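Welcome, and please take a moment to look over the sequence and the model.

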Amino acid sequence: MASVRLKTFVPGPAMAPPLVSSGVIGWMRINLFNSSLNSVLTVVALFFLYKALPPMISWAFLDAAWLAPSPEHEGACWAFIINKFRVLMVGLYPGELVWRPMAVAAIVVILSVLTVARKLSTRLLIILWYTLPVVLFFIINGGILGLPKVEQSLWGGLMLSMGLAVVGILLSIPFGILLALGRRSRLAVVRTLCTGIIECIRGVPLITILFMASVMLPIFLPQGVNINNLLRVQIGIILFSSAYMAEVVRGGLQAIPVGQFEAAGSLGLNAFQTMVFVVLPQALRHVVPSLIGRCVALFKDTSLVIIVGLLDFLGMVKASSQDPQWLGYDAEAYVFCAFVYWIICFSMSRYGRSIERRNQW
Amino acid sequence: MKKAASFLTKDNFKNMALQMAVLGVIFYGCHGLLTNTQANLEARNIASGFGFLSLESGMPISNSLLPYTPADTYGYAFFMGIINTVFVSVIGIILSTVLGVTIGVARVSSNWLVSKLAEIYVEVLRNIPLLLTLFFTYTIVLAALPVPRKSLTPLAGIFLNNRGIYLPRPVFEPGMIAVMIALLVGIIGAMVILGMAKRIHDNTGRVIPGASLGLVVVVGLPLAVFFMAGAPVTMEHAVLKGFNFRGGLVIRPEFSALMMGIILYTAAFIGENVRSGIQSVDPGQINASKALGLSQGLIMRRIVLPQALRVIIPATTNDYASLVKNSSLAVAIGYPDMVSVGGTIIGQNDQAIEIIAMWMGVYMTINLLISFVMNWLNSRVQLIGR
């Protein structure tokens, strides 16, 4: 009689406890070494950092000469920047009048802080921002209230970059709105004209527009009428920026449902009132983040004016690095320039993103 | 009949009148501009028209892709500029796409360190003007390289110095024609194989490795012919003569710096497009395909990419167009692109209107071509509703 061999239950070996997933080790396991590929990548990245970071830190900080150039410091010579600081900021603006650009900078900073902190009503902010360029112009240019006049050929540095960008942004927004409305017009002639202008400008690089403003504008004007190079370049920048602003605004206009137009019409508003009181406020609110994106792009683009002979911030940086008394400090000059541009652009884009996240203005 | 009756309504009449008025203003403005321009041009003794294009230019171009001497005409010089612009744009688009996709994928990586590094890269490069990046790369590239006599030679036959990168130039012998024909046959063969593989897969469900087979044909056939013809290619090496190198293929520092700057800058933007594209895909889709047992590669190829591309392509089209326009910054570091050459011509004979019109024409054409190709791509990946 065959014996029935019953299978007995034998428990397998106990499983290992789960890997630590908290604390530093656990965090590293999850975020740095969670697969073989990631482990390799982490090691490669760490090696890269090990090779790149220490020389950079010792160049920029540890071995740097801060107050005066000295041969025993092998790192950066920030004394160069300190020595050239005024030229980099305001160009050839007369030294004894530097308080004027400083006052202007203070006004711009205060207004920006007020805007970001949203302490004032939107309407007041708009009025303040649009009176700003006029005030700035008269403070910098002088010639009234007993302020001595400063020639525009002496303007330069970061002051010029900021000025070109601020005026360019402020004036290109209304022009952009007009172009965007024109592009959506019922009138075929207006529509074609606006579409043509927008697409022509967007199709070519800013440099060609600047060349055109700088070289061709004098040819187009009646004889005897002369406008200086700075104003010509500013006109070119406004023209260029308007086309891009128009496309941003058009995106906002397209997002407004037809019902809004119909509702406004049934309330007895005419086309103009519908646009100004109903459609535009909503459309612009939609596109504030993209408008800020365009502002960042325009601020970066103002660096191109160096090609038509204006010495803006980047132009001054380049010119200072070629000063025969301070040769060989290109790296310091460009790093400082990049740092300043980065701070301004990065904070603007962060601000734009925070508005986008709040999804309201 | 109804149409004719409704044609002259009050509204239509108002519209027509308005448009007529706008047209009138435009014509009046154009007329004023034209008379001003003519008067100014006469006063400055500037000829108008495109006649200058057939005059001898007398200007040197340091980086021309085709044979060029200062004895050639302005028209030919400008054409060299166009070729350089197109060349920079094409290489820039290809390489910045490669780098940009890498950056974008790194940004969504589950590896914290890699994604942080990619984020730093994007945030730094995007918030600094391209012109500054170009000055930076140009200065660094020039400053870091030695004089020709002390050239670096990372590989035999390759020389690195501040006059450029010298590579051996391949010189083709007649047998190369056969190799070219073989390559053409290989490409056609690969396309046939891919088509057949897809048909078999559609009809029977059997999976044929069409891509690998096609690759074998494309690479293998020309390679076989190449060796059968006895490797009909010789290398012409650069040789140091006096203070400089002669012969070989040379990549000038202006070109390297321009390419580096443009690629680094554009890749940051493309990287952001790729990131937002990948993040726009619902994670539920990836979980679902994992549950169905698809492999990691298949999930990427069949689930994530087709949906991500719908977000990536339109944004990237704009970045390609900006890249072409940004290539005009070449003028700032002395690479003779179209704007740089045109600027020199304006400086020599003041014919600004004609040159600017030519610039606009060429940029518009290139941008139209890009949007045409990208729109075609975009229509391929769009969701097709039934």
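A:Phe61 is found in helix H2 of chain A; helices here are DSSP runs of H or I of at least four residues, strands are runs of E of at least two, and both are numbered from the N terminus. This is a predicted model, in which local features need pLDDT of at least 70, side-chain atom pairs count only at pLDDT 80 or more, and totals for chains, interfaces and linings use all residues. Residues are numbered from 1 along each chain as its sequence is written, while chains are lettered from A and ligands numbered from 1 in the order in which they are written.

Is A:Phe61 buried or exposed? A:Phe61 is exposed, because 12 other C-beta atoms lie within 10 Å; the rule calls a residue buried at 20 or more other C-beta atoms within 10 Å of its own, exposed at 12 or fewer, and partly exposed in between, with C-beta atoms placed from the backbone. Between the C-alpha atoms of A:Phe61 and A:Trp78 there are 9.5 Å, and the two residues are 17 apart along the chain.

For a contrast, turn to A:Cys337, which is found in helix H13 of chain A. A:Cys337 is buried, because it has 26 other C-beta atoms within 10 Å. Leaving out residues up to four places away in sequence, A:Cys337 touches A:Phe313, A:Leu314, A:Val317 and B:Leu132; a contact means that the C-beta atoms of two residues, placed from the backbone, lie within 7 Å. The C-alpha atom of A:Cys337 is also 9.6 Å from that of A:Leu158, although 179 residues separate the pair along the chain.

Now step back to the chain as a whole. Chain A has 13 helices and zero strands. Its radius of gyration is 29 Å, well over the 21 Å that the globule rule gives for 361 residues, so chain A is more spread out than a compact globule; the radius is taken over C-alpha atoms, and the rule is 2.2 Å times the number of residues to the power 0.38. Along the principal axes, the C-alpha atoms of chain A fill a box of roughly 125 × 80 × 40 Å. Of the 361 residues of chain A, 31% count as buried.

One helix of chain A deserves a visit. H7(A) covers residues 188-203, and at 1.5 Å a residue its 16 residues should span 22 Å, which agrees with the 22 Å between its end C-alpha atoms; the expected span is 1.5 Å times one less than the number of residues. A:Cys194, A:Ile198, A:Ile201 and A:Gly203 are buried in H7(A). The buried residues of this helix pack against H6, H8 and H9 of chain A, together with H13 of chain B.

That brings us to where the chains meet. Here 43 residues of chain A are in contact with 44 residues of chain B. On the chain A side, H2, H7, H8, H12 and H13 each supply at least two residues. H13(A) gives the most, with nine residues. That side of chain A divides into 30 nonpolar, nine polar and four charged residues; Ala, Val, Leu, Ile, Met, Phe, Trp, Tyr, Cys and Pro count as nonpolar, Asp, Glu, Lys and Arg as charged, and the others, Gly among them, as polar.

Which strands form the open sheet of three in chain B? The order is S1-S2-S7, with antiparallel pairing; strands pair if DSSP finds at least two bridges between them. S1(B) and S7(B) are the edge strands, each pairing on one side only. S2(B) and S7(B) are joined over three bridges, and B:Leu167 has B:Leu249 in S7(B) as its bridge partner.

Our last stop is H6(B), at residues 176-204. Its 29 residues should span 42 Å at 1.5 Å a residue, which agrees with the 41 Å between its end C-alpha atoms. The buried residues of H6(B) are B:Val179, B:Ala182, B:Gly186, B:Ala190 and B:Ile193, and what covers them includes H7(B). Just after H6(B), B:Gly205 takes a positive phi of about 85°.
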